[in-house]
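Let's take a walk through a protein model together. Have the sequence and the picture open, and follow along one piece at a time.

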Amino acid sequence: MNTKWLDYTLLTLVIIGAINWGLIGFFRFDLVAFIFGNMSWLSRIIYALVGIGGLYLLSAYGRIRSMDET
């Protein structure tokens, strides 16, 4: 099954989440809360999607290892 589009989409989402965490860590600035409101339903959905994307991308380790073995 070709999941390349899902991999790239979720990787982009997780990178955006990582940038947001970097902003929080360095500057105490939450970009998601700034744009969508502090813990609004939309910001909670975004946080949840970033978390789900990170969990999904854990499977990339197994796929990378299986590609190396072939």
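## Checking the length of α1

Before we start, keep in mind that this is a predicted model. Our first stop is helix α1, which covers residues 4-27 and so has 24 residues.

Which residues of α1 are buried? They are Asp7, Leu10, Gly17 and Asn20. Trp5 also sits in α1, but this one is exposed: its relative accessible area is 61%, and the cut-off for exposed is over 50%. Trp5 also shows how a chain folds back on itself in space: Trp5 and Arg63 are 58 residues apart in sequence, with their C-alpha atoms 15 Å apart.

## Where α1 meets α3

Now look at helix α3, residues 41-57. The axes of α1 and α3 come within 9 Å and cross at roughly 120 degrees. That angle makes α1 oblique to α3, because roughly perpendicular stops at 115 degrees and roughly antiparallel needs over 145. The crossing of α1 past α3 is left-handed.

Which residues meet there? From α1 come Leu6, Asp7, Leu10, Leu11, Leu13, Val14, Gly17 and Asn20. On the α3 side you'll find Tyr47, Leu49, Val50, Gly53, Gly54, Tyr56 and Leu57. Compare this with the buried residues of α1: Asp7, Leu10, Gly17 and Asn20 are listed among the α1 residues that meet α3.

## The loops and their positive phi angles

Arg28 has a positive phi of about 55 degrees, even though it is not a glycine. Is Arg28 buried or exposed? It is exposed, with a relative accessible area of 81%, against a cut-off of over 50%.

In the loop between α2 and α3 sits Met39. Met39 isn't a glycine either, and its phi is positive too, near 55 degrees.

Go back to the loop between α1 and α2, and you'll find Asp30 there. Asp30 is partly exposed, because its relative accessible area of 22% falls between the 20% and 50% cut-offs. Leaving out residues up to four places away in sequence, Asp30 touches Asn20, Ile24 and Tyr47. Leu11 is another story: Asp30 and Leu11 are 19 residues apart in sequence and 20 Å apart in space, C-alpha to C-alpha.

## Two pairs of rings

How do you describe two aromatic rings side by side? You give the distance of the centres and the angle of the planes.

This structure holds two aromatic pairs. In one, the ring centres of Phe26 and Phe27 are 6.3 Å apart and the planes are at 55 degrees, so the pair is tilted.

Phe29 is partly exposed at a relative accessible area of 32%, while Phe34 is exposed at 60%.

Definitions and conventions:
Residues numbered from 1 in each chain as written. Predicted model: local features only at pLDDT ≥ 70, side-chain atom pairs only at ≥ 80, totals over all residues. Heavy atoms only, no water. Helix = DSSP H or I, 4+ residues; strand = E, 2+ residues; numbered from the N terminus. Expected span 1.5 Å × (residues − 1). Buried < 20%, exposed > 50% of the residue type's maximum accessible area, 1.4 Å probe, protein only. Phe/Tyr/Trp six-rings, centres within 6.5 Å; stacked < 30°, edge-to-face > 60°. Axes fitted to C-alpha atoms, helices over the stretch in contact; angles between N-to-C directions. Parallel < 35°, antiparallel > 145°, perpendicular 65-115°, else oblique. Left-handed = near helix turned anticlockwise from the far one by under 90°. Contact = heavy atoms within 4.5 Å.
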